[in-house]
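Please examine the sequence and the model shown here.

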Amino acid sequence: MSIPLTVEDFIGTELIYTYDNGWEYELYVKNRDTIDYRIFSGMVGGRWVKDQKVFLDMLLPGVFKLSWSEPTGTDVSLCFMLAEKRTHGTIFFPKWVHDFPAITVCYQNDYIPLMEESRLKYDTYPKFDVSEFSTITFMKNCGANNEKVVAQAPYDGMADDIRSGKLTFN
Ligand code: FER
């Protein structure tokens, strides 16, 4: 596909990327202020989320910043440099997510009250901060507001199935 240059082009894009620390993520830019995502591996591998509200800004043509706060209290800020097939992510995890990652490994939309209870019940500080580059291994436009893109839990081999075209969403 040609590289999305504008916010309008970027909306609808499905991306898979692997952080230099090995963590593999999938993110779908559902619309102007909403993402869905799946986490294949890493500290919270197995977690998946729909309809997270985000700030989305174009920094330069083909360079986009996404930032948001999660119900868990985790804060995330990502920069996508599409021509270079690289991203940079900064993730500020509350202490409790690092202590008990399994609580957040779920289809979060079914467990919002548990996330909100946990963020009050357990420690926030000191936060566990991650600052990593990643390499984009898959990029495709699936159209805006496509509920089929992130519609099932991540499984072992799923990223490969998406990259090979065995699993498609449009
Ligand atoms: C990402 C880094 C972190 C990402 C999501 C997160 C979808 C969220 C982490 C968490 O909820 O624990 O690149 O992209």
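In what order do the 9 strands of the open sheet follow one another? The order is β4-β3-β2-β1-β9-β8-β7-β6-β5, with antiparallel pairing. Strands here are DSSP runs of E with at least two residues, numbered from the N terminus, and two of them pair if DSSP finds at least two bridges between them. The edge strands, each pairing on one side only, are β4 (48–53) and β5 (55–60). From one strand to the next the twist averages 25 degrees, the axes being lines fitted to C-alpha atoms and the angles running from 0 to 180 degrees between N-to-C directions.

The model is predicted: local features need pLDDT of at least 70 and side-chain atom pairs pLDDT 80 or more, whereas totals for chains, interfaces and linings use all residues. Residues are numbered from 1 along each chain as its sequence is written, and side-chain values use heavy atoms, with hydrogens and water left out.

Y37 has V49 in β4 as its bridge partner.

Strand β6 (residues 63–69) is largely enclosed by the rest of the structure, because 5 of its 7 residues are buried, that is, under 20% relative accessible area with a 1.4 Å probe and protein chains only. Between β6 and strand β7 (residues 75–81), which run antiparallel, there are 7 bridges; L66 stands opposite L78 in β7. Their hairpin has 5 residues between the strands, and G73 in its turn shows a positive phi of about 95 degrees.

The ligand has 13 residues around it, of which Y17, Y19, Y37, R47 and E70 come nearest; a residue counts if one of its heavy atoms lies within 4 Å. An oxygen atom of the ligand is 2.8 Å from an N or O atom in the side chain of Y17, and the corresponding distance for E70 is 2.5 Å. The protein buries 99% of the 370 Å² that the ligand exposes when taken alone, by the Shrake-Rupley method with a 1.4 Å probe.

W23 is found in the loop between β1 (13–19) and β2 (24–31). At 14% relative accessibility, W23 counts as buried. Leaving aside residues up to four places away in sequence, W23 touches Y17, T18, S41, G42, M43, I91, F93 and V130, where contact means heavy atoms within 4.5 Å. W23 and V130 are 107 residues apart along the chain, and their C-alpha atoms are separated by 11 Å.

Terms used. Helix = DSSP H or I, 4+ residues; strand = E, 2+ residues; numbered from the N terminus. Buried < 20%, exposed > 50% of the residue type's maximum accessible area, 1.4 Å probe, protein only. Polar contact = N/O pair within 3.5 Å; in protein donor to acceptor, adjacent residues only side chain to side chain.
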